[in-house]
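Trainee: I would like a close look at a single part of this protein. Please take me through the aromatic pairs.

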Amino acid sequence: MGRGGARHADPFPRRGAQLTLDRAVTAYLDHLSVERGLSGNTLASYRRDLQRYAEALAAAGIDDLAAVRASEITRHLADLRSSGLASSSAARAISAVRGLHRFATREGLVGTDVAAGVKPPAPPKRLPKALDVDQVTRLLAVADDTPLGLRDKALLEFLYGTGARISEAVGAAIDDLDLAVDPSATLHGKGGRTRLVPVGDYAKAALDAYLVRGRPALAEKGRGTPAVFLNARGGRLSRQSAWTILHRAARAADLPVDGPHAVSPHTLRHSYATHLLDGGADVRVVQELLGHASVTTTQVYTLVTVDRLREVYATAHPRAR
């Protein structure tokens, strides 16, 4: 800076001097703003989180960052959770604290990063959002009798009727279908595993209609792919196109297509599992039908059905309220 110009105070103390929390926070926020280019809103959130942290340490009589121990950070995390702060907000706050200590250690301002071993709280496992039966019925009500319309209905009925993953549906070949006496389909799942699943009457009817009146018209435009579900050019339907088909059907059925509860290809798989469990199916049978390697993966659906049981109990039992 030129002679006579104003000089900004160096936010860092000389090595060995006490690194007050206020100065450490100021230096860290400057680093995030100038070198990391964080937005104003993000910086404001970090500033609030770190101010809360500084106040908690001050209440414990600590003003020197080098004097902080891991136990103080763990206690601060516990206090955040006990105050009712959402786990996502608590995770962000602890991430800010961890970033502050990591920064101070990297700059040589403290000797040890005492926050390195303190893990932010794991976000709560989000339960799958299943459609109810009426919503599924509306979603599957594809009325178009063209080859593409018949394909779309067969695809949606197949996804809901078998619990197939979207990759399993678009990867299915004609030889994987057995729609004769006991209709079934062979699905090729993750890790090269295959499984045989039953095909219900509605899915069978939709597949029969498509295979007889829809697929031949599409296949004649292509080069003889064995895939069940074809695109308009006679090739194998892509996952992206299958998603578009579902998105279009969801919009027509007045179901959400944006936001956290938007209908996705996995929604029908969630609904398939939930409705089976609601109907009394054993969780291990559902595990096999879904192709889960572990029953614990399937058990997340039982939480959904327990919630529904609670709703029924609360509205039906004379002494529930």
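Mentor: Start with the rule. Rings of Phe, Tyr and Trp, the last by its six-membered ring, pair if their centres lie within 6.5 Å. Keep in mind that this is a predicted model. By this rule the count comes to three aromatic pairs.

Take Tyr-28 and Phe-103. Their ring centres are 5.5 Å apart. The planes meet at 40°, so the pair is tilted. The cut-offs explain the label: under 30 degrees counts as stacked, over 60 as edge-to-face, and the rest as tilted. Now place the two residues. Tyr-28 sits in helix α1, residues 21–34. Phe-103 sits in helix α4, residues 87–106. The pair therefore ties together parts that are 75 residues apart in sequence. Tyr-28 is buried, and Phe-103 is buried too.

Next comes the cluster. Phe-158, Tyr-210 and Phe-229 form one aromatic cluster.

Now the setting. The protein chain has 14 helices and three strands. Of its 321 residues, 41% count as buried. Look at contacts between residues at least 6 apart in sequence: 57% of them join residues at least 24 apart. The chain exposes about 18,100 Å², and carbon and sulfur atoms supply 52% of that area.

The strands make an open sheet in the order β1-β2-β3, with antiparallel pairing. Its edge strands are β1 (177–178) and β3 (194–198), each pairing on one side only. Five bridges join β2, residues 184–188, to β3. Within that pairing, Leu-187 has Arg-195 in β3 as its bridge partner.

Key: Residues are numbered from 1 along each chain as its sequence is written. This is a predicted model: local features need pLDDT of at least 70, side-chain atom pairs count only at pLDDT 80 or more; totals for chains, interfaces and linings use all residues. Side-chain values use heavy atoms; hydrogens and water are left out. Helices (H or I, at least four residues) and strands (E, at least two) are DSSP runs, numbered from the N terminus. Buried means under 20% relative accessible area, exposed over 50%, partly exposed in between (1.4 Å probe, protein chains only). Contact means heavy atoms within 4.5 Å. Accessible areas come from the Shrake-Rupley method with a 1.4 Å probe; for residues, only the protein chains shown count as cover. Two strands pair if DSSP finds at least two bridges between them.
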